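Please look over the sequence and the model below before reading on. The paragraphs that follow lead from the confidence of the prediction to its sheets, and then to one of its pockets.

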Amino acid sequence: MQKFKRLLAGFMMAISLLAFTPVAAHAEWRSDSKGWWYSDGNSYAQWWRQIDGKWYYFYSDGYMAKNTWMGSYYLGSDGAWTTAPASNTSSVSTTNDKTQMVYVASSGNGKKYHSDPNCSNMKGTRHITLSEAQSEGYTACSKCY
């Protein structure tokens, strides 16, 4: 009986150590012919994500945005947020990039898309691409565009 108790105590100790040992998450940048994404375990980054001290924006399919405006934030050629486009980059119109993400009201009769989810006191919003918004009949809000 004494041996059984020692064996049980040793087993419980081993289980406790395994339970409290952190499992390292494996996150890494990946790319294919469509673009770059940030793999985080079995999923991928979406929306705004800070990685190694820089801010990036990832579309709903996980691909990184680059050389474009996300609302009032410009993302450079490396995809990282920057204060303004590089001097050799022409001004980018926020209404021409069909992959840009915009906000629309999730309910109501409004037919405007927005760069700011809080514009016009919207209570519920959907985050969709500019192309989707335009195909659904939405037009740019004059307050935030």
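Confidence in the protein chain is lowest in helix α1 (residues 2-20), with a mean of 67, and highest in strand β12 (residues 139-140), at 88; here pLDDT is the predictor's confidence in each residue, from 0 to 100, while helices (H or I, at least four residues) and strands (E, at least two) are DSSP runs numbered from the N terminus. Over residues 85-96 the pLDDT is below 50, although this stretch has 18 contacts in the model beyond near neighbours in sequence, a contact being heavy atoms within 4.5 Å. Where pLDDT is low, the predicted coordinates should not be read in detail. The protein chain averages a pLDDT of 74, and 77% of the residues score at least 70.

This is a predicted model, in which local features need pLDDT of at least 70 and side-chain atom pairs count only at pLDDT 80 or more, whereas totals for chains, interfaces and linings use all residues. Residues are numbered from 1 along each chain as its sequence is written, and side-chain values use heavy atoms, with hydrogens and water left out.

Strand β2 (residues 36-40) is joined to β3 by two bridges, and Asp 40 stands opposite Ser 43 in β3.

Another open sheet has three strands in the order β6-β7-β8, again paired antiparallel. Its edges are β6 (68-70) and β8 (81-82), each with a single partner strand, so one side of each has no neighbour in the sheet. Two bridges join β7 (residues 73-75) to β8, where Thr 82 is the bridge partner of Tyr 74.

Leaving aside residues up to four places away in sequence, Ala 105 touches Met 122, Gly 124 and Tyr 138.

Finally, the second largest pocket has residues from both domain 1 (35-81) and domain 2 (101-140) in its lining, so this pocket lies between them; the domain bounds come from an automatic or database domain assignment. A pocket is an open set of points on a 1 Å grid over the protein atoms alone, where a 1.4 Å probe fits, with protein on both sides within 12 Å along at least five of seven lines, and lining residues have an atom within 4 Å of a point. Among the residues lining the second largest pocket are Trp 48, Tyr 73, Tyr 103, Asp 116 and His 127.

Note on methods. Pairing = 2+ DSSP bridges.
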